[in-house]
Amino acid sequence: MAAVPASAAATAKFFGGISFKHDKNDFVDIASDIAASRSKPLLAPMVVRRKLNEIGSNKLTSHYTFLLNDKTRYSPGDSLGVVPVQGGELVTKTLQSLGLKGSDLLNHKRIYKGKQLPASEMFSQHLDLRTVPPAIAKLATSQKMKDMLAGDKKKLLSYLSDIELHDFYKNHMNGVDPNKVISLLKPLQPRLYSISSHQAVAGNTVDLTVAKVDYTTEGISRNGTTTHYLHHIPLGSNMTPVFVQKAPKFRPPSTKTPTIMIGPGTGIAPFRSFMQDPSRTAPGAKNWIFFGDQKPQDYLYKDEWAPLQQNGNLKVSTAFSREPGKPKQYVQDKIRQQSSEIWKWVNDDKCSLFICGDAQFMAPGVESALKDTFQKHGNMTSEQAAKYLKDLEKAGRFHKDVY
């Protein structure tokens with residue numbers, strides 16, 4: 001697909017006139033010979049942003065490439081931490097709701113040890129404005145929030161995770177001191193994304209596969225902090241702090257070991273990294289990917305998988321939940337449909353199994369399908385099948401990266 005650079009108008013709207021700058025003392029420069037870390041990220045230029053979904057898709061999943069310096073290294077299975085900036089529209093709404101100006105000086109005990117910063121900088125770069133901590137909710141003056149505090153805790157936490165601070169303050173905190181509220185905000189955290197490139201191939205670059213998050217709560221459109229940021233930053237600008245988060249327990253096995261990789265949606269990312277290892281596509285290598293999404297137009301990296309399939313190095317099973325004229329299919333359905341062959345890979349070939357993606361629905365569904373497979377073809381009880389899966393995990397043959 002063609003590159004999708006953010007237009008100047010879209011970028012200007014995102015930053016909303018809020019200027020910011022990174023203190024070079026807190027970050028590693030691209031020309032530096034220091035490896036990036038969580039405590040001192042690298043200011044990495046984004047050099048590629050392209051849409052992966054085809055026409056007819058309802059989603060926006062993008063492929064991003066960042067430049068790295070020589071000392072910042074990663075391995076298949078690792079994640080890239082991205083330190084986001086919150087957009088100017090969100091910052092402006094928060095300033096207005098709290099009755100502040102962007103130039104007002106604020107401090108927070110967890111930000112630079114209480115150093116005073118302009119409110120616009122504090123809100124855009126340091127404090128999470130998209131969720132409301134329970135400690136702030138307890139200061140609410142509205143009867144609705146008092147009732148929620150006394151009611152179902154799960155509903156309360158769900159509500160607080162979906163409402164942004166400016167709306168919460170406006171709706172529930174009449175007369176509450178803004179400084180007290182600010183002191184209870186949580187620091188803005190980096191987001192971790194599975195790396196979708198292999199450094200032996202990518203060199204001093206790193207790839208991410210990220211779906212833009214947009215949703216609606218109480219009739220108001222919202223978006224994901226980091227996915228929105230990545231979609232709007234100017235290509236080429238070194239304004240994205242990144243670092244490598246190691247994942248020593250999510251490493252591909254020897255390329256001689258048959259490998260089943262289950263990664264619907266952006267869960268495919270680490271398996272692209274696995275498959276870029278040249279030795280994994282050597283004669284005799286056995287790899288099997290289970291991929292799922294809404295529509296065939298959402299089939300990510302299919303052009304890369306096709307030649308590997310033709311060479312016999314890779315088998316791919318796809319499942320689409322919203323394909324017109326066809327019943328809903330999920331990766332766990334495909335596992336059940338091909339359970340006999342999967343059992344041969346697991347029992348006879350001693351393959352390794354990997355899952356990456358959604359922890360709430362996909363991962364439990366896949367584990368259930370695997371246990372059903374073991375019961376059916378291994379003549380096990382449900383208890384024995386559950387233990388068999390646990391034993392695979394203990395033996396280093398079953399790995400999960402779910403979120």
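Student: Is E341 buried, partly exposed or exposed?
Tutor: This is a predicted model, and in it E341 counts as partly exposed because its relative accessibility is 32%, between the 20% and 50% cut-offs.

Student: What does E341 form a salt bridge with?
Tutor: With K315; the closest N and O atoms of the two are 3.7 Å apart. The pair links distant parts of the chain, with E341 in helix α14 (residues 339-348) and K315 in strand β14 (residues 314-320), 26 residues apart.

Student: And K315, buried or partly exposed?
Tutor: K315 is partly exposed, at a relative accessible area of 28%.

Student: How many salt bridges are there in the whole structure?
Tutor: A search of the whole structure finds 18 salt bridges. One of them is between D293 and K59, whose closest N and O atoms are 2.8 Å apart.

Student: Where do D293 and K59 lie?
Tutor: D293 is in strand β13, while K59 sits in the loop between β2 (46-51) and β3 (61-67).

Student: How accessible is D293?
Tutor: D293 has a relative accessible area of 10%, so it is buried. K59 has 27% and is partly exposed.

Student: What about R251, what is its salt-bridge partner?
Tutor: D78, with the closest N and O atoms 2.7 Å apart. R251 lies in the loop between β11 (240-245) and β12 (259-262), and D78 in the loop between β3 and β4 (79-82), so this pair ties together parts that are 173 residues apart in sequence.

Student: Is D78 buried or exposed?
Tutor: Buried, with a relative accessible area of 0%. R251, by contrast, counts as partly exposed at 25% relative accessibility.

Student: Which residues are linked in a network of salt bridges?
Tutor: R130, E164, D167, K170 and R222 are linked in one.

Student: Changing topic. How much space lies in the largest pocket?
Tutor: About 1,200 Å³. The pocket is lined by 38 residues, and those closest to its centre are K59, P264, G265, T266 and D358.

Student: What is the lining of the largest pocket like by class?
Tutor: It has 15 nonpolar, 15 polar and 8 charged residues.

Student: You mentioned β9. How many bridges join β9 to β10?
Tutor: There are 4 bridges between β9 and strand β10 (residues 220-223), and the two strands run antiparallel. T217 stands opposite I220 in β10.

Student: How many residues are between β9 and β10 in the hairpin?
Tutor: The hairpin has 2 residues between its strands, and E218 in the turn has a positive phi of about 50°.

Student: Where is Y112 found, then?
Tutor: Y112 is in the loop between β5 (105-106) and β6 (117-118), and its phi is positive, near 50°. Y112 counts as partly exposed, at 36% relative accessibility.

Student: And what is the phi of K350?
Tutor: Near 55°, a positive value in a residue other than glycine. K350 is found in the loop between α14 and β15 (352-357), and at 46% relative accessibility K350 counts as partly exposed.

Student: Last topic, the largest nonpolar core. Which residues touch the most other members?
Tutor: Of its 31 residues, F123, I136, M145 and F168 do.

Student: Which helices each supply at least two residues of this core?
Tutor: They are α2 (88-98), α3 (119-126), α4 (134-137), α5 (143-150), α6 (153-162), α7 (165-172) and α8 (178-183). The largest share, 4 residues, comes from α2.

Student: Where does F168 lie?
Tutor: F168 is in helix α7 and is buried, with a relative accessible area of 0%.

Student: How far apart are F168 and S97?
Tutor: In sequence they are 71 residues apart, and in space 9.3 Å, C-alpha to C-alpha.

Key
Residues are numbered from 1 along each chain as its sequence is written. This is a predicted model: local features need pLDDT of at least 70, side-chain atom pairs count only at pLDDT 80 or more; totals for chains, interfaces and linings use all residues. Side-chain values use heavy atoms; hydrogens and water are left out. On a 1 Å grid over the protein atoms alone, a cavity is a set of points where a 1.4 Å probe fits but cannot get out, and a pocket is an open set with protein on both sides within 12 Å along at least five of seven lines; lining residues have an atom within 4 Å of a point. Grid points are joined across faces, edges and corners, and a volume is the space filled by probe spheres set on the points. Ala, Val, Leu, Ile, Met, Phe, Trp, Tyr, Cys and Pro count as nonpolar, Asp, Glu, Lys and Arg as charged, and the others, Gly among them, as polar. A salt bridge is a side-chain nitrogen of Lys or Arg within 4 Å of a carboxyl oxygen of Asp or Glu. Buried means under 20% relative accessible area, exposed over 50%, partly exposed in between (1.4 Å probe, protein chains only). Two strands pair if DSSP finds at least two bridges between them. A nonpolar core is a set of buried Ala, Val, Leu, Ile, Met, Phe, Trp, Tyr and Cys residues joined through side-chain atoms within 4.5 Å.
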